[in-house]
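Subject: Structure handover

Hi there,

Here is the structure I promised to pass on to you. Please open it alongside these notes.

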Amino acid sequence: MKHVFSAAYARPQETEPPKLDGISRDNFVQLLKKIRRHLPNPPGKAAMNTFAIMTSVTHISAWVSEGEEPCCYMAQTEIARLAECTASRIRAHEAELVAAGLIYKHTLGNGGRSGWQDRGIYFTPAIERLEEFRLLEAQMEAERKEAARLRGLRSTHKRHLSGVITELAGCLGSDHADVLRLAAALNEWPSADRLHSMNLGALAAHERAGDNLCREAWEILRNCEESIAQPLIFERSYIQDTTHNPKSEECNASVSKRTSGKPDDINQFEDTPTGASGRKKL
């Protein structure tokens, strides 16, 4: 096949069009819908719906067979009918898809399409980027797991910090400056629902700040214990705690015995939360 390519996309005219490898046409479309917001010049949701409609009327074999190149020859008015919008909106969607590097247009002078003349919407630009899209999907999955880990750590920090504040209130008094300051800081932490809308950088920064505040609270509690020369009711049980690095110094690392709360005393960790925080009775 010999095509005249648009200025936004050019492939050597005599080379064989690329094919999907290990993925079906429809699954390829689903992959694009999943990662579209992370693309340069990301197309909108409506544009991706138009993309899906246009791919659905192509021959499945053209995506995988030698000597064929998938192309949508359907008129914009027909695509608009299927998409339940106007033809002008379809033209706008096609412009978005071209800008995103997912299609190229090889149409007649009046914008018409013809299967007899190989004039229509071609999907070769998207097919050529399959590995890029797969890497992006893998990166998104890794970030999703890291965000879940950080949210779990923050939840642990909040639970233990709340317990320490309660015990400090019993030791120092609920109106003590440190108790009031720690309680105010804890009250300003975003809700669990809000954590889901934070980007990974902001979430990591918040988790680190929570870890530092938790360490500070433990140090105040340790000094309070020493001043009254007896252990307090709230045990430093960290069975729940999670950590990415076994050598990291989380404020609530898992220990098998009572510790001073200092990093040097923390030497046992678990990868994921396992249940409610345990307490020992004196």
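Below are my notes on confidence, aromatic pairs, pockets and backbone angles.

First, the ground rules. This is a predicted model, in which local features need pLDDT of at least 70, side-chain atom pairs count only at pLDDT 80 or more, and totals for chains, interfaces and linings use all residues. Residues are numbered from 1 along each chain as its sequence is written, and side-chain values use heavy atoms, with hydrogens and water left out.

On confidence: pLDDT is the predictor's confidence in each residue, from 0 to 100. Its mean over the protein is 81, and 76% of the residues reach 70 or more. Residues 1-8 stay under 50, and the model has 21 contacts (heavy atoms within 4.5 Å) for them beyond four places in sequence. Residues 252-282 also have pLDDT under 50, with 69 such contacts beyond four places in sequence.

Now the aromatic rings. Rings of Phe, Tyr and Trp (its six-membered ring) pair if their centres lie within 6.5 Å; planes under 30 degrees apart count as stacked, over 60 as edge-to-face and the rest as tilted. By this rule there are 5 aromatic pairs. The ring centres of Phe 28 and Phe 133 are 6.3 Å apart with planes at 40°, so this pair is tilted. It links distant parts of the chain, 105 residues apart: Phe 28 belongs to helix H1 (residues 25-35) and Phe 133 to helix H6 (residues 130-172). Helices (H or I, at least four residues) and strands (E, at least two) are DSSP runs, numbered from the N terminus. Both Phe 28 and Phe 133 are buried, where buried means under 20% relative accessible area, exposed over 50% and partly exposed in between (1.4 Å probe, protein chains only).

Phe 51 and Phe 123 make an edge-to-face pair, because their ring centres are 5.4 Å apart and their planes at 90°. Here 72 residues separate Phe 51 in helix H2 (residues 45-56) from Phe 123 in the loop between strand S3 (120-122) and helix H5 (124-128). Phe 51 is buried at 0% relative accessibility, and Phe 123 is buried at 0% as well. Ring pairs join Phe 28, Phe 51, Trp 63, Phe 123 and Phe 133 into a cluster.

Next, the pockets. On a 1 Å grid over the protein atoms alone, a pocket is an open set of points where a 1.4 Å probe fits, with protein on both sides within 12 Å along at least five of seven lines; lining residues have an atom within 4 Å of a point. Grid points are joined across faces, edges and corners, and a volume is the space filled by probe spheres set on the points. The largest pocket has a volume of about 260 Å³. Among its lining residues are Lys 34, Arg 37, Glu 143, Arg 144 and His 196, and H6 gives the most to the lining, with 5 residues. The second largest pocket holds about 170 Å³. Of the 12 residues that line it, His 59, Ala 62, Glu 69, Cys 71 and Tyr 73 lie nearest its centre.

Finally, two backbone angles. Glu 84 has a positive phi near 60°; this residue lies in the loop between helix H3 (76-83) and helix H4 (87-99) and is exposed at 74% relative accessibility. Asp 118 has a positive phi of about 55°, sits in the loop between strand S2 (104-106) and S3, and is partly exposed at 24%.

Best wishes
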